[in-house]
Structure formats: C-alpha cells, structure tokens
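Have the model open as you read.

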Amino acid sequence: MNSKLLNVNSIHLQFLSPLLKWRILGLKELREEINYPSHPTVFEKLIRRLERAQVINSFRDPWSNQKFIFLSDAGGRILGAGESHLKVTEETMLHDAKVAQFTRLLINRETFYEAKLEHDLSGNNLTWQPDSILWGKKKGKRFTMAFELELTRKSKSRIREKIRKYLTSTYYDYVLYLFCSENVMRSYQSFILEEFGDEAFKKVLLFWNPSILSRNLDLTQGVGFFKSQEVSFNDIF
C-alpha cells in the first residue's frame, strides 16, 4: 500500500465522488459539487494532499491557467471507477475538461434534467457515443440531445460520417455542436448545408462561444445557427 494513503480518510475520498460523474473538474466546480463548507484555500490544501498521495492528478489549462483535477489510476480503483473513468490522456484532457464544464452548466439550466458524459454511456447500446448526452423538456415535450465539442476542425469525411449518423438516428432528437471559433462553425455550416441541405438544421444546432477557453465560461456569449436562422443561446435553451 502507498504509505501516503495513510493521510487520506474516507471523508476526503467522498469529496472526490463527483469525479466519477464528471471525470475532470476545476477546483471551484468540485467545491460547488460537494458544497465544501470551509474556505477555498483549505480546500486547495486538501487537494494538494490528495495529489501527494497519488489519489488524483491535475493539469492546468494553458489558455486560462485554471487547474483541473481527475482521478489517478489508484484513485479510480479506490473509488470503484470503471476502466473508462481512468482513460484521461494528455491529448484529450483539455477537451474532456471543457466538455464536463459546458455540460455541467447546461444541466443547471431549467431546460435539462439529466446528463451523461461519454465515459458513462457504454451501457446504452449505442453504436457510437457523443461527448455527452442531455435529456431535456421544453414546452411539455421531452427530448434527447447529443453534444459535441469541436475545439479543432475535423476532416470533411469525418464530419460527413458523424452528421449522417445523427440525421438517421432515431435515438437523438437533436445534436448540438459547439465551437470556440466562428470561422470553424461557419465552415461546418456551409459543408452541412452543401451535403445534407436545409433539413439537417432541424436537428443540428451549431453554436460558437468565444469564452470556451477562458476561465469564466459564459453560455450566453456567441451566436448559433438552427432551423436555417441565426439564434442566441437563450433563444433555444
């Protein structure tokens, strides 16, 4: 046994339980999830202790310098996480952190009542998983929405394949694509229109948000495209 774990108690481990759902969280977000009663600096000291005990790992977002934490292999085993919870790679950790951050903000809006991230979807018998799935209700009607965060532009073949799957799927009512660049969003918009026509935008929502890579993500910033017209985030959600 790692001798450093002797300084970790069950209450400390309980503080980390939101990472089983969200996988990666910023310090402020984790404090909010557990309603931590003490001062943030006390919480930060606890997090450093858990890092020294190798229960969690962390990284800093190079854009905002925000610290994010996630379970280490040992921490995942202690908390009973499945293998999928442990697959945090250097190549995808920023993307995964922003997916969790954005999905968490969405679920706090009145429109949505449940959300699952990609690592929690393996039991849904889906042929492919989006970055997250959200279930909502608007004007008395329930719906299922896939969420895809595109920090970079994908190849045309990959875009085509994924959009085709969403348009032919009976499981998803909508799919929301989020971009940090308006130019990338417009390129997707033009390509989808060319490949699938106006009908695609009855199901596909495109939004760009300039605050995605900032410390304070604001859902209402930017602009979207849905049902062949420009929309704001509050117009839809």
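## Starting point: Glu 33

Let's begin at Glu 33, which is partly exposed, with a relative accessible area of 32%. Here, buried means under 20% relative accessible area, exposed means over 50%, and partly exposed is anything in between (1.4 Å probe, protein chains only). The areas themselves come from the Shrake-Rupley method with a 1.4 Å probe, and for residues only the protein chains shown count as cover.

Some ground rules: this is a predicted model, where local features need pLDDT of at least 70, side-chain atom pairs count only at pLDDT 80 or more, and totals for chains, interfaces and linings use all residues. Residues are numbered from 1 along each chain as its sequence is written, and side-chain values use heavy atoms, with hydrogens and water left out.

What does Glu 33 pair with? Its salt-bridge partner is Arg 104, and the closest N and O atoms are 2.7 Å apart. That pair links distant parts of the chain, with Arg 104 in helix 6 and Glu 33 in helix 3, 71 residues apart. A salt bridge here is a side-chain nitrogen of Lys or Arg within 4 Å of a carboxyl oxygen of Asp or Glu, and by that rule the count comes to 13 salt bridges. Helices (H or I, at least four residues) and strands (E, at least two) are DSSP runs, numbered from the N terminus.

Arg 104 also meets the side chain of Glu 32 in a salt bridge, at 2.9 Å from N to O. Glu 32 sits in helix 3 (residues 27–34) and Arg 104 in helix 6, so this pair ties together parts that are 72 residues apart in sequence. As a general point, side chains of opposite charge can pair when their charged atoms come close. Arg 104 is buried, with a relative accessible area of 7%, while Glu 32 is partly exposed at 36%.

## Helix 6 itself

How many residues of helix 6 are buried? The count is 14 of its 15 residues, so the helix is mostly covered. Helix 6 spans residues 93–107 and reaches 21 Å from its first C-alpha to its last, close to the 21 Å expected at 1.5 Å a residue. That expected span is 1.5 Å times one less than the number of residues.

Helix 8 (residues 182–196) holds both Arg 186 and Glu 182, which are 4 residues apart, about one turn of the helix. Their side chains meet in a salt bridge at 3.2 Å, N to O. Arg 186 is partly exposed, with a relative accessible area of 24%, and Glu 182 is partly exposed too, at 31%.

Phe 191 lies in helix 8 as well, but this one is buried, with a relative accessible area of 5%. Phe 191 and Glu 118 are 73 residues apart in sequence and 26 Å apart in space, C-alpha to C-alpha. Over in helix 7 (residues 156–168) you'll find Ile 159, which is buried at 4%.

## A positive patch

Which residues form the positive surface patch? They are Lys 45, Arg 48, Arg 49 and Arg 52. Patches are made of residues with over 30% relative accessible area and no salt bridge; like charges are joined within 9 Å, and nonpolar side chains (Val, Leu, Ile, Met, Phe, Trp, Tyr) within 5 Å. Lys and Arg count as positive and Asp and Glu as negative, with His and the chain ends not counted. The place of a charge is NZ of Lys, CZ of Arg, CG of Asp or CD of Glu. Arg 52 belongs to helix 4 (residues 40–52) and is exposed, with a relative accessible area of 52%.

## Two positive phi values

Most residues other than glycine have a negative phi. Arg 23 has a phi near 70°, a positive value in a residue other than glycine. Arg 23 is in the loop between helix 2 (18–22) and strand 1 (24–26), and is buried, with a relative accessible area of 9%.

Asn 65 also has a positive phi, about 65°, although it is not a glycine. Its place is in the loop between strand 2 (56–60) and strand 3 (67–71), and Asn 65 is partly exposed at 44% relative accessible area.
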